[in-house]
Amino acid sequence: MKRYVCELCGWVYDEAKGLPEQGIAPGTAFDALPEDFVCPLCGVGKEEFAKIET
């Protein structure tokens with residue numbers, strides 16, 4: 001599972017955890033998020049996220 005960080009505010013989307021409070025199940029790949037997904041903290045779109053290299 002991968003993690004992606006919002007480059008504007010630093011919020012992290014963790015594929016393993018998902019975002020259940022927004023109906024996104026654990027294990028949901030970042031690429032499978034809806035096209036209109038926005039950062040829950042600052043509201044920017046998916047294009048502002050970067051994969052966290054481990």
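## Cysteines

A disulfide is counted when two cysteine sulfur atoms lie within 2.5 Å of each other. By this rule the predicted model has zero disulfides. The sulfur of Cys6 has its closest cysteine sulfur in Cys42, at 3.6 Å, which is too far for a bond. For Cys39 the closest cysteine sulfur is in Cys9, also too far for a bond at 3.6 Å.

Cys6 is buried, with a relative accessible area of 2%, and Cys39 counts as buried at 2% relative accessibility. Buried stands for under 20% relative accessible area, exposed for over 50%, and partly exposed for values in between, with a 1.4 Å probe and protein chains only.

## Basis of the model

Residues are numbered from 1 along each chain as its sequence is written, and side-chain values use heavy atoms, with hydrogens and water left out. In this predicted model, local features need pLDDT of at least 70 and side-chain atom pairs count only at pLDDT 80 or more, while totals for chains, interfaces and linings use all residues.

Three strands form an open sheet in the order 2-1-3, with antiparallel pairing. Strand 2 (12–14) and strand 3 (49–51) are the edge strands, each pairing on one side only. From one strand to the next, the twist averages 25 degrees; axes are lines fitted to C-alpha atoms, for helices over the stretch in contact, and angles run from 0 to 180 degrees between N-to-C directions.

Strands are DSSP runs of E with at least two residues, numbered from the N terminus, and two of them pair if DSSP finds at least two bridges between them. Strand 1 (residues 3–6) pairs with strand 2 in the antiparallel sense over three bridges. Within this pairing, Val5 stands opposite Val12 in strand 2.

## Ile52

Ile52 lies in the segment after strand 3 and counts as partly exposed at 25% relative accessibility. Ile52 and Val5 are 47 residues apart in sequence, with a C-alpha to C-alpha distance of 6.5 Å. Leaving aside neighbours within four places in sequence, Ile52 is in contact (heavy atoms within 4.5 Å) with Arg3, Tyr4, Val5 and Val12.

## Nonpolar core

A nonpolar core is a set of buried Ala, Val, Leu, Ile, Met, Phe, Trp, Tyr and Cys residues joined through side-chain atoms within 4.5 Å. The largest has twelve residues: Tyr4, Cys6, Trp11, Tyr13, Leu19, Ile24, Phe30, Leu33, Phe37, Cys39, Val44 and Phe49. In soluble globular proteins, nonpolar side chains tend to be buried together.

Not counting residues up to four places away in sequence, Phe49 touches Tyr4, Val5, Cys6, Trp11, Phe30, Phe37, Cys39 and Val44.

Key:
Helices (H or I, at least four residues) and strands (E, at least two) are DSSP runs, numbered from the N terminus.
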